[in-house]
Amino acid sequence: MQWFDALVQGILLGGMYAQYALGMALMFGVMRIVNISHGDLVILLSLIGISMATAWGLAPVSVLIILVPLAVLMGWLLQKLVLNRVVGSDPLPSLIATFGLSIALQNLMLQIWSANSRSLPGHGIESQSIEIAGIYVGVLPLIVLAVATGLTWGLDLVLKHTRFGRALRAASADVEAASMTGINPRAVYALATAVAVGILGFAAVFQSLRSTVAPADGPAQLIYAFEAVIIGGMGAVWGAFLGSMVLGIAQAIGFRIDPGFGVLAGHLVFLFVLATRPQGLFGKATT
Amino acid sequence: MSAVTYAATDLPGVQVQRQTSSGRIAMTLALAGIVAVAAMPWWASTGTIRSILILCCYIAVAQMWNLLAGYAGLVSVGQQAFMGAAGYALFVMAQTFGINPFLAVFLSLLVPAVLAVPLYLLLHRLDGPYFSIGTWVVAEVFRLVCSNLPIVNAGAGMSLRVMKDYSAFERNVAMSLLCAFMLLLTVGGSYWLLRSRYGLALIAMRDNPVAAASQGVNVAKLRFLIYVASAVGCGLAGAIYFMAQLRITPGSAFDPMWANVAIFIVMVGGIGSIEGVLIGALIFFIADRWFGAYGATYFVVLGLMTLLVALYARTGIWGLISKRWDAPWFPIRRKLVDPNRP
Amino acid sequence: MTAVLSTHGLIARYGDFQALYGVDTELHPGEAVALIGANGAGKSTFLRSIMGLLPVAKEMVRLDGEPVGGTATDRMVQKGIAIVPEGRRLFTGMSVEDNLRVAIDQAARIGAKGGWTLARLHKLFPILAEKARSQVQSLSGGQQQMVAIGRALLCQPRVLLCDEISLGLAPKVIREIYAALPEIRAAGTAMIVVEQDVGLAQSASDRLYCMLEGRVTLTGKSGDVTREQIGKAYFGAGHAVV
């Protein structure tokens with residue numbers, strides 16, 4: 001029963017990680033870029049949300065309604081001002097640029113909000129739980145998982161059935177050929193990053209409701225997103241979602257074995273997948 | 001020594017010139033610098049020795065990152081894994097098993113070397129930027145493992161109490177000699193490597209890995225060797241740094257700060273050149289002394305500078321200098337000259 | 001009659017390597033021009049320079065008399081030039097229909113009108129209707145080439161550039177594909193066809209240009225030029241004509 005409980009908690013935790021991983025999978029798929037400040041953006045958005053909620057007494061839903069458009073705008077600006085200048089076959093410039101941005105953001109947040117941990121007041125929702133099959137399950141983690149599933153499903157539909165989705169898939173497959181059909185790669189990139197960071201707006205609200213956030217927490221979120229994407233299999237959005245579940249389960253089970261072992265168990269599962277199935281658990285082998 | 005004559009055939013007697021006057025001056029200064037570092041106990045205070053030791057560690061770690069990112073195209077943000085691994089190995093050998101600490105410094109290098117082999121085989125499966133995050137995960141794994149491992153005193157860390165058996169002067173002599181050796185190994189070793197027959201292959205690989213592979217450069221093997229060599233170089237810096245600190249904890253041993261330091265130094269100084277590393281290390285060392293007290297603001301500026309260099313000046317300061325003046329300190333080019341035609 | 005597309009002393013380089021040395025060409029509305037030459041003569045480079053895939057000076061390429069050299073590729077497509085690239089360059093991992101839809105989407109976005117629809121394309125290449133849901137990488141070479149041509153046509157071009165569309169295909173398939181060209185021209189689209197097979201090039205074009213080492217060495221009406229002239233222009237004056 002204890003292990004079944006760990007499994008359930010792991011899946012719920014995976015719902016949180018999926019919200020980080022989707023954007024990373026999307027950006028890597030289309031631009032071959034990893035934004036090292038990915039996790040720092042979650043923290044920045046969280047802290048902005050917490051400050052707004054405290055100052056104006058906003059409910060989490062209102063914070064979400066403000067944060068997501070703000071995140072979309074931040075993603076669009078990030079692409080226009082930084083990433084469009086460093087996208088290309090050489091991974092070095094984009095890594096260095098976003099690495100520098102990450103250091104700057106972390107320390108800027110440290111100055112504005114200090115090193116303290118904060119969380120978003122949830123007005124009771126964070127402590128509610130319901131009993132399912134003898135296990136107590138938190139209402140908030142269930143909402144997080146539902147939102148993550150909805151986001152993954154929605155993103156998958158957008159990629160499959162919309163003009164933007166087709167243009168994005170075309171640019172991922174062969175960016176030069178895409179431009180030969182009239183696609184402006186930079187416009188597609190800007191939209192892709194806007195969507196990727198926009199999803200982090202959801203992640204920010206839920207992260208700061210579920211637990212606490214502090215300016216130095218970003219890198220850990222980046223690493224979890226990365227592990228989820230690699231475990232699941234690169235490219236596909238459902239791969240990132242399922243990879244997040246596996247990572248969440250690994251951490252939850254590891255935590256039951258020994259509280260100091262939780263995060264490490266996730267890392268070890270990642271290394272194990274990399275050693276035995278480098279294309280990811282749900283990815284297709286490339287030739 | 002620096003010029004080889006090809007005059008056996010009836011071709012004009014062309015010489016391959018590999019040294020320049022700027023290079024000779026720089027080489028003399030560099031050797032004088034290494035001697036000065038080795039002789040620190042006779043001219044510097046203990047405080048100065050500590051500062052210069054840190055500068056030497058910056059140079060060594062940055063040059064190892066430069067070899068990885070600037071030549072092998074492997075952008076690592078997790079070299080602190082090897083610094084911490086060697087540091088811990090030193091502490092365990094010297095403190096727990098009573099091996100002479102100055103011998104243990106060298107023995108501890110086996111640990112990063114042995115770890116780097118399987119790690120590279122794992123990480124090289126990751127595509128481009130994912131490789132970088134992978135190296136970071138490895139450093140995190142090392143940190144978490146050390147935090148849970150009783151033999152290294154878990155999260156509480158270890159102290160190198162055996163150093164009390166040596167006088168302050170003896171310790172200063174040892175640290176100074178180790179620093180000189182570290183510079184010789186990392187900077188001198190890189191220079192030797194770049195001037196050797198591997199040098200041309202490395203430079204070809206830096207400029208265009210695909211073309212280099214088509215010209216017979218074994219890119220995969222060269223990358224592997226550079227990764228292992230860089231692990232050993234970082235390990236040496238780690239062992240010396242933590243020996244001077246006398247204390248090691250999982251947090252300090254695997255501190256991502258070292259990745260910041262290496263990236264800032266190399267990118268601002270100038271990637272793909274030894275000169276750039278020396279310039280960048282000096283700038284960072286001075287900036288750290290002057291502005292380090294500003295804490296977060298200082299790091300915001302460092303981060304933004306790294307960002308701006310990546311966006312607008314990818315060759316860094318040395319790139320801007322060498323565009324204007326052709327006077328390399330560490331020439332690695334081969335230049336054909338005809339002695340009959342001045 | 002003014003040329004719809006023309007090049008003026010077109011020079012292109014890949015880094016230090018110069019690939020084109022002042023190429024002058026023109027293409028009139030509704031015309032089909034063949035571009036022949038040996039491997040490495042600069043034919044693909046020529047097409048890539050026109051499409052804005054290589055940096056060239058503005059004055060070197062004109063569309064309807066307006067200088068457009070070096071314009072971004074997607075802007076060139078909007079101006080009415082489409083290319084069937086060398087090696088087809090289809091979007092792998094996407095279905096035939098989605099590959100074509102990408103072009104339809106973009107044409108719709110900019111409001112380009114040229115009369116090419118999915119239905120009309122299916123009439124030209126019926127197999128594309130049958131394979132609409134298949135992934136492009138599962139198609140045969142000839143079928144993939146049809147998708148590439150269809151994708152270019154759905155950009156609604158006034159000028160279509162075809163880069164070695166017969167490469168690696170069986171003779172029967174080549175005939176099938178070349179049989180479609182007259183119908184494309186009938187719609188009023190002008191064409192530049194890069195082709196290694198000289199006979200095929202002559203039969204499919206009104207005029208031809210022959211390139212050698214980045215320069216035009218021969219130009220004339222496709223029906224008028226002799227095999228000897230072509231041989232000389234193709235291999236250079238120093239070579240014996242077989």
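Let's start where two chains meet: 33 residues of chain B are in contact with 36 residues of chain A, contact meaning that the C-beta atoms of two residues, placed from the backbone, lie within 7 Å. This is a predicted model, in which local features need pLDDT of at least 70 and side-chain atom pairs count only at pLDDT 80 or more, while totals for chains, interfaces and linings use all residues. Residues are numbered from 1 along each chain as its sequence is written, with chains lettered from A and ligands numbered from 1 in the order in which they are written.

On the side of chain B that touches chain A, helices H6 (129-148), H12 (257-269) and H14 (296-312) of chain B each supply at least two residues. Helices (H or I, at least four residues) and strands (E, at least two) are DSSP runs, numbered from the N terminus. H6(B) gives the largest share of this side, 12 residues.

Now move to chain C, where 6 strands form an open sheet with mixed pairing, in the order S6-S7-S8-S3-S9-S10; two strands pair if DSSP finds at least two bridges between them. Strands S6 (81-84) and S10 (215-221) of chain C stand at the edges with a single partner strand each, so one side of each is left without a neighbour in the sheet. For S6(C), 4 bridges join this strand to S7 (residues 159-163) of chain C, and the two run parallel. Within S7(C), Leu161(C) is the bridge partner of Ile83(C).
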